[in-house]
Amino acid sequence: MARPASYTTLTDATAADGDLRKRERLRVMTVTSPASVYDAWYETALGSAAHAIELALVAALADPPPGERALDVGCGTGIFTARLAGRVKKLYAIEPNDDIRDHARRSLSDQANVEVLNGRAEKTGLADDSVDVISAAQAFHWFDRERSREEFRRILKDPGAVVLV
């Protein structure tokens with residue numbers, strides 16, 4: 001992935017103690033927008049490993065066959081959404097943050113089956129019984145658990161799957 005234009009590369013001198021984690025943390029903090037921060041984190045060793053685990057878990061737990069409709073909750077900039085898009089007929093991606101959602105729209109513009117929407121886990125804006133699979137990769141900690149559970153029950157077809165990574 002190409003680095004955002006605002007990304008500043010830090011030298012080893014920035015973290016004189018040689019602590020790689022500190023250097024990665026500082027590097028991520030030098031970007032100028034929430035979308036850049038989000039994408040830059042996936043360039044780190046930890047971000048890359050987390051992404052691989054997310055994809056493997058969703059594939060193993062939900063593995064939506066082609067033809068299903070899915071919802072990616074808290075889609076961020078669309079990194080995970082792009083991988084899921086090829087597995088389903090229709091994919092709704094919701095994100096409450098304007099800057100990050102706009103970035104997702106741009107990065108997913110070549111995915112005709114993806115619709116990026118303003119929404120939250122607690123209020124998706126989708127119709128009753130409208131999706132077969134709901135996924136959330138690294139977003140569950142933001143959800144109001146009770147309200148999102150109610151919303152997921154409302155929009156999820158029976159039988160359906162919810163995968164929270």
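R105 is partly exposed, with a relative accessible area of 38%. For the cut-offs, buried means under 20% relative accessible area, exposed over 50%, and partly exposed is in between, using a 1.4 Å probe and protein chains only. Its partner in a salt bridge is D102, and the closest N and O atoms of D102 and R105 are 3.5 Å apart. By salt bridge I mean a side-chain nitrogen of Lys or Arg within 4 Å of a carboxyl oxygen of Asp or Glu. D102 is also partly exposed, at 34% relative accessibility.

Before I go on, a word on where this comes from. This is a predicted model, where local features need pLDDT of at least 70 and side-chain atom pairs count only at pLDDT 80 or more, while totals for chains, interfaces and linings use all residues. Residues are numbered from 1 along each chain as its sequence is written, and side-chain values use heavy atoms, with hydrogens and water left out.

Back to our pair. D102 and R105 both sit in helix α5, three residues apart, about one turn of the helix. Helices (H or I, at least four residues) and strands (E, at least two) are DSSP runs, numbered from the N terminus. An α-helix has 3.6 residues a turn, so residues three or four places apart point the same way.

Let's stay with α5, which covers residues 98-107. Which residues of this helix are buried? I100, R101 and A104 are. They cover an arc of only 100° around the axis, which puts them on the same side of α5; the arc is that of the directions from the helix axis to the C-beta atoms. At the start of the helix, a side-chain oxygen of N97 comes to within 3.1 Å of the backbone nitrogen of D99. That brings in polar contacts: a pair of N or O atoms within 3.5 Å, where within protein one must be able to donate a hydrogen and the other to accept it, and residues adjacent in sequence count only if both atoms are side-chain atoms.

N113 is buried, with a relative accessible area of 15%. What does N113 touch, leaving aside residues up to four places away in sequence? The answer is A85, V88, K89, K90 and L91, where contact means heavy atoms within 4.5 Å. A polar atom of the N113 side chain lies 2.8 Å from the backbone oxygen of A85. As for V88, its C-alpha atom is 8.1 Å from that of N113, and the two residues are 25 apart along the chain.

Now the other salt bridges. How many are there in total by this rule? The count is eight. One of them joins D132 and K157, with 3.9 Å between the closest N and O atoms. This pair links distant parts of the chain, with D132 in strand β4 (residues 131-136) and K157 in strand β5 (residues 156-164), 25 residues apart. D132 is buried at 14% relative accessible area, whereas K157 is partly exposed at 30%.

Another salt bridge brings together the side chains of E151 and R154, at 2.8 Å from N to O. Both are in helix α6 (residues 145-155), three residues apart, which is about one helical turn. E151 is buried at 9% relative accessibility, and R154 is partly exposed at 29%. D128 joins E151 and R154 in a network of salt bridges.

Helix α6 also contains S148, which is buried at 2% relative accessibility. Not counting residues up to four places away in sequence, S148 touches A121, E122 and F143.

F143 leads us to the aromatics. The structure holds one aromatic pair. That pair is F143 with F152, edge-to-face, at 6.1 Å centre to centre and 85° between the planes. Rings of Phe, Tyr and Trp (its six-membered ring) pair if their centres lie within 6.5 Å; planes under 30 degrees apart count as stacked, over 60 as edge-to-face and the rest as tilted. Both F143 and F152 are buried.

Let me finish with the overall picture. The protein has six helices and five strands, in the order α-α-α-β-α-β-α-β-β-α-β along the sequence. Of its 165 residues, 44% are buried. Among contacts between residues at least 6 apart in sequence, 60% join residues at least 24 apart.
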